[in-house]
Amino acid sequence: MKRWFSIYLQLTRANIKRRGQYRGSIILSILALAILESSILFGFFIIIRHFQDINGWNFYQISFLVGLNHFAQGLSMIFMAHSRGFGRLVSLGQIDRWLIRPIPPFISFLGHDFALPCFGDLVSGSVILTYSLAKLGVVLSLKNVSFLIATILGGALIQSAFFVIASATSFYTEKSSNFTSLLVWNTKEFINYPISIFPSYIQIVLTFIIPFAFINFYPAHYFFKTQDILFHPVFIYLTPLIGIIAMGFAILFWQRSLQKYQGSGNS
Amino acid sequence: MGCWRLMYTVFRRDMTYRFDWFAGMFSTFLTAWIAILLWQILVHRAHYDEIEGHRLLSYIAMASLFRSLFSGTIQDYVQSEILTGRVAIDLLKPIHYPTLLVFHSLGEATSKILQIIPVFFSLLLFTPLTWPSSLLHGIFAVSSLFLGMLVYILLDIAIGLTAFWTTDLTGTRMMKQAIFFLFSGVFVPLWYFPKPLLFIANILPFKAMIYVPAYVYSSQNRPSTDTLWLQLFWIMVLWIAVISLWNRAQNKLVIYGG
C-alpha cells in the first residue's frame with residue numbers, strides 16, 4: 001500500500017513536470033475557469049435581476065450552490081481530468097501496458113495525469129464561496145469551516161466516483177466520451193440550480209441513484225434555511241459518507257470492468 | 001471531390017460507435033429538457049402571457065438543442081496532429097489544409113445533426129416547444145443555423161491553428177467555451193442582458209452561432225435577411241483570419257516525432 005502510494009507520487013511528480021512545460025496554457029486555463037464561473041454567475045444574475053428569485057432562492061444562495069459545485073468538481077478534476085479522454089486511450093490500446101506493470105492498473109489510471117489547470121476551479125470556487133457566505137451573513141467559525149471542508153471532500157469523492165464509473169464503461173464500448181458527458185456533465189447541470197425546482201422523479205434520481213444533490217443542494221441547507229429541504233433533514237450531513245460509499249463502489253466496478261477488457265488497438 | 005470523401009469518412013467514423021452516438025442523443029435531450037424545466041418555472045412565476053411564454057420556451061428549447069452542434073473536436077485534432085507530427089501527412093494531401101479542416105468539421109457536424117433531429121421531434125411532443133410560426137421562419141432558421149455552424153467551425157479552426165505557436169490549446173479552448181456560454185445566448189436570451197453586456201455580445205461572433213438561429217425560429221416577426229448578413233460577415237472575417245494564420249503557420253511548422 002505504501003509502495004503504491006509512493007509510486008503514485010512519482011507518477012504525479014512526472015505529470016506536474018510535463019504539465020508545467022505549458023505554463024502559458026495553465027495560466028490561461030485558470031483565467032478561463034474564472035471566466036466560465038463568472039459567465040454562469042452573470043447568467044444567474046441576469047435571470048434573477050429579471051425574475052426576482054429562482055423558486056425562492058436569491059442570487060447569493062444560488063452563487064453558493066455554483067461555488068460549492070465547482071470547488072468539488074475542480075478538486076476531483078485535478079486527479080480525474082483524463083477520464084474524459086479515457087475511451088481514446090483504451091481504443092488505441094494504450095492501457096495494455098498498464099496491465100503488465102507490477103502495480104495495480106488502477107494506480108496507473110490515477111497517476112496518468114495531474115491536471116494543474118483545474119486548480120483554477122479551486123481559486124475561483126473559494127472566491128465565490130467566501131463572497132456568497134459573507135453576503136448571506138454566515139460567520140466563518142471553526143465549526144462552519146470544518147463542515148464546509150468535509151462537504152467539499154465528500155463532494156469531490158462523489159464526483160470522482162462517477163468519473164471512474166464513466167471511464168470504466170470504456171472497457172466495454174471503447175468509445176465513451178458522450179456517455180461520460182451524459183453521466184457526469186449533463187447530470188451535473190441539474191445541480192447548478194436548486195433541485196427543488198425539478199419534478200420529484202429527478203429529485204429521486206439525483207438523491208438516490210446519481211447522488212449529485214449531496215455535492216451542494218443538501219449541505220447548503222446547513223448554512224441558510226430555505227423552505228424546500230427534501231426528504232429528510234439528516235441528508236444535510238451525509239455528503240462525506242455518500243462520497244466514501246460511491247467511491248468504493250466505483251473502484252469495485254472499475255476492477256470488474258477491467259476483467260472484461262479484451263484488448264484493442266494496434267499501437 | 002476529395003473533400004466530400006473526407007467529410008463522409010469522418011461522418012462514418014463518428015457513427016461507428018453506436019452506443020456512444022445514442023448516449024450523445026440522449027444527452028442532447030437532457031440538456032434541452034433541464035433548460036426547459038428551469039425556464040418553465042421562471043415563466044410560470046413571472047405570470048407571462050401565453051404567447052410570450054411559449055416564444056421564450058421555444059427559444060430556450062432550440063438554443064439548448066443547437067448547443068450540441070457547437071462542440072466539435074477540430075481543435076483537439078489540430079493540436080494532436082501537431083504534437084504527434086501527423087500533420088506532415090495531411091500536408092502531403094493535395095487539399096488546402098484549412099479547407100480540409102472545414103470539411104472534417106462538417107463531417108462531425110453531420111453526425112450531430114442526425115442526432116438532434118429525433119430530439120427535436122421528441123421535444124415537440126413532450127415539451128412546450130412549438131413549430132415556427134410559418135414555413136418561412138423554418139427555412140430562415142435552418143439556413144441561419146447552417147451559417148452559424150460555419151462561423152463556429154471557422155473560429156474553432158482559427159483557434160486550432162494557433163497551436164502551431166503554442167502547441168497546447170487547453171487554456172484557449174476553455175476560455176472560448178466560457179465566453180461562448182454567456183454570449184451565444186445559450187444560457188440566457190440576449191434580450192434580458194443589461195446594456196453593457198449586450199454591447200459586448202453584439203461585437204462578438206458568438207451571437208451569430210446560437211442566438212440568431214434560435215431567435216429566428218421562435219420569433220413572430222417577419223424574418224429579415226439582416227441576421228444572415230451578420231453571419232456572412234463573420235464567416236468572411238474568420239475565413240480571412242484562418243487563411244492568414246495558415247500562411248504564417250506554414251513557415252512556423254516544426255515536425256515532432258516520426
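Mentor: Let us begin with a term: a polar contact is a pair of N or O atoms within 3.5 Å; within protein, one must be able to donate a hydrogen and the other to accept it, and residues adjacent in sequence count only if both atoms are side-chain atoms. Please note that this is a predicted model, in which local features need pLDDT of at least 70 and side-chain atom pairs count only at pLDDT 80 or more, while totals for chains, interfaces and linings use all residues. Residues are numbered from 1 along each chain as its sequence is written, chains are lettered from A and ligands numbered from 1 in the order in which they are written, and side-chain values use heavy atoms, with hydrogens and water left out.

Trainee: How many residue pairs are in polar contact between chain A and chain B?

Mentor: The count is one residue pair, with both residues at pLDDT 80 or more. Across this interface the rule finds zero salt bridges, a salt bridge being a side-chain nitrogen of Lys or Arg within 4 Å of a carboxyl oxygen of Asp or Glu.

Trainee: How does one look for empty space?

Mentor: Rolling a probe the size of a water molecule over the atoms shows where empty space is left. On a 1 Å grid over the protein atoms alone, a cavity is a set of points where a 1.4 Å probe fits but cannot get out, and a pocket is an open set with protein on both sides within 12 Å along at least five of seven lines; lining residues have an atom within 4 Å of a point. Searching the whole structure gives one cavity of 30 Å³ or more. The largest cavity holds about 90 Å³ of space, and its lining includes B:Leu69, B:Glu108 and B:Tyr152. Helix H6 (97-126) and helix H7 (135-161) of chain B each give two or more residues to that lining.

Trainee: With which residue does B:Glu108 form a salt bridge?

Mentor: Side chains of opposite charge can pair when their charged atoms come close. B:Glu108 pairs with B:Arg13, their closest N and O atoms being 3.6 Å apart. B:Glu108 lies in helix H6 of chain B and B:Arg13 in helix H1 (residues 2-16) of chain B, so the pair ties together parts that are 95 residues apart in sequence. Over all chains, the structure holds three salt bridges.

Methods
Points joined across faces, edges and corners; volume = space filled by probe spheres on them. Helix = DSSP H or I, 4+ residues; strand = E, 2+ residues; numbered from the N terminus.
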